[in-house]
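The exercises below are worked through one step at a time. Please look at the sequence and the model before reading the solutions.

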Amino acid sequence: MTGSRPQPGSIAAGTTRLTAEKASVAPLMSRFLVVSASMGEGHDGAARELVRRLEAQGHQARMVDALDAAPLRLGSLSRSSYELQLRWAPWSYELTYRLWSLLPVLCWAFTALLTRLTRRRLLQWIEQYQPDVIVTTYGLSSIVLGRLRRRRRITVPTVTFVTDFAVHPLWVHRGNDLTLCVHPQAAAMAARRTGRPTGAPGPMVADRFRGERPDRETARAELGLGPNDKAVLVVAGSWGVGEIDNTFDALAGCEDYIPIAVCGRNEALRAALAERPGGRAIGWTDQMPSLMVACDALVHNAGGLTCMEAFAIGLPVVTYLPIPGHGRDNGDLMERAGVAAYARRPEDLLAALDRVTTLAGRRQVEAGRAMFNGDAADEVAALVAPAPLPVAVRARRRAPRTRAAAAVAVGLAAVWSTFTIGVGAAAAHGIGMARPERSSDEVFVGVRLGPNSIADPALPGRLADARVTAIVGGSLAKNDPDDVRRLADAGVDLANGGWGRHGGRTWSRARSDLLQSCHWLQSAGQLPCHAFVPGRRLDGFDVATARVSHQRIVAHVTLLSPDHPPAHLRAGGMYVLDARDLDAAAITRVIDDLQPALATDVLNVVSFADLR
């Protein structure tokens, strides 16, 4: 930031040192409260470094864990749930992450509940410590502080330091006085979301990654690397989540690179990789500078603190198999910023490593180092008032129990809406649904069959020849198992069309459409259910049940008209003909009518089984 305060909505791209004028009027020693969260190492790492820098300037700084502000050990429960979600149900994190962006109104209800749960303890910390400035490195704490600051419950400046490249709606709040980011690209995004001052002083990385580098030959010798070996550091955060084993195997299976996997606190992963030939597996370590100096590139899956450390030390970075949500967004944005490569397919990984370990990698390294053009500690210290008054945490009367209960009910209603209505809206945008592989010549066509057509003995051969998927409901499979078996014997791809009755509660609908229907379809066709093509609006119960039963949901489809065939088809498009009231002859006519469009657009029909 410059010597003058940025105007609302402006981007202070970069950070300059405090001017002599500010230094002359600012107090010699100020107090700073730094709110972090023990959700992995990224938030805590940035917070600890900020505390260290502020104390080096002669100030007092105290770091607290936002998870401790929640009552009844809800903070530790949230941390455990988040880790389990990333480890065993990453699809659910992707769904909610995208959903908050798609439906911001749900963010309001969620953050209102979060504020009610944590504000009492947070305000106690502020009143006890009397800070001149409050800084948070955790998104949800940023929301709570912004709400309290905007309502004047907090009277001192509040600052958010965003540790990711991706600035999610739940990372920033317009009530905060300043938002600091790791890159100008992220600062621009934060400015659009908040309309408040933003800056990009660069990542908060410890000095040992920016000072004198460890000896490369010694570090490589400790890993048993030869002079001509190319080593790749494979990281997955402090929890060791994601598909790090697949990355390890892809590198160990080639002759060009040796994977050095850092598994964090995931001891089971470390033990499993240690038994595999062709690489090294390391558990939790504080020797990351030496490991980075010893290696030729870094492959990550989250875009967190380790990537920032690699930028500081000058190690080329590649994104591969990122975790859902912020991992994928960070990979996209770092690629756009020119500081990291992004390998989206297995065949791209080695090519990306070949690029970044040559001239292209040197340009990328310079772009990464250019991010460190300021100091967030200076930005934060500049917000201290010349003659700060004692912190006044504005008192508020305790709300009646009925009002508190109503607020909790609203929050729970928001969670329910997210799981039901919100998931349906996300599905309409293709979030969390089956998608085609990247291809320029494939199109997916399915026909929802009824009793009038499934009994025709000529239909299976025609569907098989055209590679059209037969969508069969559970009740139809139960009543006409021989006809379904005839389709399977002819090589027709079978998809689950649901049970057919849509009454009852949400969870019972999911059970009948996905579990009961799939059971009868498998019994009749002797084939596993791989795709569910719903005939109604989806909700969270459907998505969860589909994951448990290993069915991909095909929801983002275009309906075909039996009377008006399309003149053009979209590459990668998914098309469904509802033929429950049609006979086999009408279905055959529609399939024949699609041929001119397929020829014009040079497309091939592919079964729903090829969706991912």
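Which residues touch the most other members of the largest nonpolar core?

**Exercise 1. The cores**

Before starting, note that this is a predicted model, in which local features need pLDDT of at least 70 and side-chain atom pairs count only at pLDDT 80 or more, while totals for chains, interfaces and linings use all residues. Residues are numbered from 1 along each chain as its sequence is written, and side-chain values use heavy atoms, with hydrogens and water left out.

Step 1. A nonpolar core is a set of buried Ala, Val, Leu, Ile, Met, Phe, Trp, Tyr and Cys residues joined through side-chain atoms within 4.5 Å. Buried means under 20% relative accessible area, exposed means over 50%, and partly exposed is in between (1.4 Å probe, protein chains only).

Step 2. Read off the members. The largest nonpolar core has 96 residues, and F165, L233, M292, L298 and F311 touch the most other members. Apart from that core lies another, of 38 residues, which includes L449, A466, L487 and L577.

Step 3. Take L298 as an example. Contact means heavy atoms within 4.5 Å. Not counting residues up to four places away in sequence, L298 touches L233, V235, M292, T306, C307, A310, L315, P316, V317 and V318.

**Exercise 2. The chain as a whole**

State how many helices and strands the protein chain has, and what share of its residues is buried.

Step 1. Helices (H or I, at least four residues) and strands (E, at least two) are DSSP runs, numbered from the N terminus. The protein chain has 24 helices and 21 strands.

Step 2. Of its 612 residues, 54% count as buried.

Step 3. Among contacts between residues at least 6 apart in sequence, 71% join residues at least 24 apart.

**Exercise 3. Helix α7 and its end**

Step 1. T194 counts as buried because its relative accessibility is 3%. The buried residues of α7 are A186, A187, A188, M189, A190, A191 and T194.

Step 2. Look for polar contacts (pairs of N or O atoms within 3.5 Å; within protein, one must be able to donate a hydrogen and the other to accept it, and residues adjacent in sequence count only if both atoms are side-chain atoms). From the side chain of T194, the backbone oxygen of A190 is reached at 2.9 Å and the backbone nitrogen of R196 at 3.2 Å.

Step 3. Leaving out residues up to four places away in sequence, T194 touches V172, H173 and R174.

Step 4. G195 follows α7 and has a positive phi, near 70 degrees.

**Exercise 4. A helix pair**

At what angle do the axes of α19 and α24 cross?

Step 1. Axes are lines fitted to C-alpha atoms, for helices over the stretch in contact, and angles run from 0 to 180 degrees between N-to-C directions. The axes of α19 (residues 459–466) and α24 (residues 584–601) come within 10 Å and cross at roughly 15 degrees.

Step 2. α19 is therefore roughly parallel to α24. Angles under 35 degrees count as roughly parallel, over 145 as roughly antiparallel, 65 to 115 as roughly perpendicular and the rest as oblique.

Step 3. List the residues that meet: L459, R462, L463 and A466 in α19, with A584, I587, T588, I591 and D592 in α24.

**Exercise 5. Positive phi in loops**

Locate R152 and Q526, and decide whether each is buried or exposed.

Step 1. R152 sits in the loop between α6 (139–150) and β5 (158–161). Its phi is near 65 degrees, a positive value in a residue other than glycine. R152 counts as exposed because its relative accessibility is 61%.

Step 2. Q526 is in the loop between α22 (506–525) and β17 (531–532). Although Q526 is not a glycine, its phi is positive, at about 55 degrees. With 51% relative accessibility, Q526 counts as exposed.

**Exercise 6. A buried aspartate**

Which side chain does D378 join through a polar contact?

Step 1. D378 belongs to helix α16 (residues 376–381) and is buried, with a relative accessible area of 6%.

Step 2. The side chains of D378 and Q57 are joined by a polar contact of 2.8 Å.
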